[in-house]
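Subject: Structure for you to look at

Hello,

Here is the structure I promised to pass on. Please open it next to this email and follow along.

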Amino acid sequence: MGISVTEDLYSVFTKEKEHEALQRDSQSNQQEQVSLLLQNYMRLLLPEEEKFHGGWALLDCDPSLIDATHKDVDVLLLLSNCAYYVAYYDDEADKVNQYQRLSLENLEKIEIGPEPTFFGKPKFSCMRLHYKHQETSGYFHTLRAVPHSPEEDGKDAEMNMVIDFLSYPYFFSEIQDNDVLASTSHHGATGTEKWSISLEHLLDDAEGVRRFREFLKSEFSEENVLFWIECEDFKKTQDIERLRDKAKHIYGTYLSSKSSTQVNVEGQSRLSESMLGQPHPLMFQKLQDQIFNLMKFDSYSRFLRSDIFMKSKRLEESGNEETVAKRASRIYNT
């Protein structure tokens, strides 16, 4: 029969479970508030012609900015299609008191390493963004992620933040692809040539998306790209009622455990149906990023070797040969 569990021991287990549940709720509420804060300052700081691509709530860990009490300096890092913004947030005043806009063209390099400190062994790893100011190098921002719990040492959180920032599709497109385009090797690329440059280019092409969907459907994972597409549309929605309807649709179709087309991402549990009543454009951002990276590092490479891609490529090549032949014929007959 075994030894019965005493009422006191059962009470301890129950309290531990209740404490864990409260912690999860607190973290979820905090993440929701951070997302709303990022969305508000995205609207305030970014001009209309810039497209917002991502935002992070971080800490500035430059020792020169930390006072004698070692109080952390809160920073909002916002990324657009052509610049990044470092906004210093004042907790007491509940507002940003200063910010800096830096063109992505002036971003020279990104380093990852231990947090700079005057005393003791560094506890956190951090990211340092090196940039030019008025054509002069030597400027940088040193940032790290905010630990989600006191037990967290910050390393995993920081690495996730760095991976998010570096692997963000539009960030790569703006920095790396501009260099490639400058060499004219990819300038004006269309069709399968464009699709093979990167997943970002593929998703920017309507026919490419159709063929990629066809491929994913053959692998029983079409919901991944459909989820990504609907999240892109969701972020552009301005009307609050339409935003609410789309949030419910995305949750019910791709995130609910009851859905037959549920995507495989971590974090669905942090989104509840109660949150859908007060949606904001970035509420699915983290999950969308996970799906993008899943497609980029898994499905995309197989797509480029698939019969669907090869067939499209052969059709293009035969079409180009036919066009060249017709032109040659016209020239010969004139």
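Below is what was found, from the whole chain down to single residues.

First, the ground rules. This is a predicted model, so local features need pLDDT of at least 70 and side-chain atom pairs count only at pLDDT 80 or more, while totals for chains, interfaces and linings use all residues. Residues are numbered from 1 along each chain as its sequence is written, and side-chain values use heavy atoms, with hydrogens and water left out.

**The whole chain**

The chain has ten helices and seven strands. Both are DSSP runs, numbered from the N terminus: helices are H or I with at least four residues, strands are E with at least two. Of the 334 residues, 40% are buried. Buried means under 20% relative accessible area, exposed means over 50%, and partly exposed lies in between (1.4 Å probe, protein chains only). The chain exposes about 20400 Å², and carbon and sulfur atoms supply 51% of that. These areas come from the Shrake-Rupley method with a 1.4 Å probe; for residues, only the protein chains shown count as cover.

Now contacts, meaning heavy atoms within 4.5 Å. Take those with a separation of 6 or more: 55% of them join residues 24 or more positions apart.

**The strands**

Start at β1, residues 52–60. Seven of its nine residues are buried, so β1 is largely enclosed by the rest of the structure. Two strands pair if DSSP finds at least two bridges between them. β1 runs antiparallel to β2 (residues 73–80), with eight bridges joining them. Look for W56 opposite L77 in β2. β1 also pairs with β7 (residues 136–145), again antiparallel, over three bridges. There, D60 stands opposite L143 in β7.

**The cores**

A nonpolar core is a set of buried Ala, Val, Leu, Ile, Met, Phe, Trp, Tyr and Cys residues joined through side-chain atoms within 4.5 Å. The largest has 32 residues, and F212 and F227 touch the most other members. Helices α5 (199–203), α6 (206–218), α7 (222–235), α8 (240–255), α9 (285–303) and α10 (307–333) each give two or more residues to this core.

Which residues does F212 contact, leaving aside neighbours within four places in sequence? They are L199, L202, L203, V225, M295, S299, Y300 and F303. A second, separate core has 16 residues, including V73, L77, L107 and L143.

**A bent helix**

α9 bends by about 40° at K296. The bend is the angle between axes fitted to the seven residues ending there and the seven starting there. K296 is among the buried residues of α9, as are M295, S299, Y300 and F303.

**Cysteines**

A disulfide here is a pair of cysteine sulfur atoms within 2.5 Å. By this rule the count is zero. Is C126 buried or exposed? C126 is buried, with a relative accessible area of 5%. C82 is partly exposed, at 26% relative accessibility.

**Two loop residues**

Q134 lies in the loop between β6 (125–133) and β7. Q134 has a positive phi of about 55°, although it is not a glycine. Q134 is exposed, at 67% relative accessibility.

F220 sits in the loop between α6 and α7. F220 is not a glycine, yet its phi is positive, at about 60°. F220 is exposed, with a relative accessible area of 74%.

Best wishes
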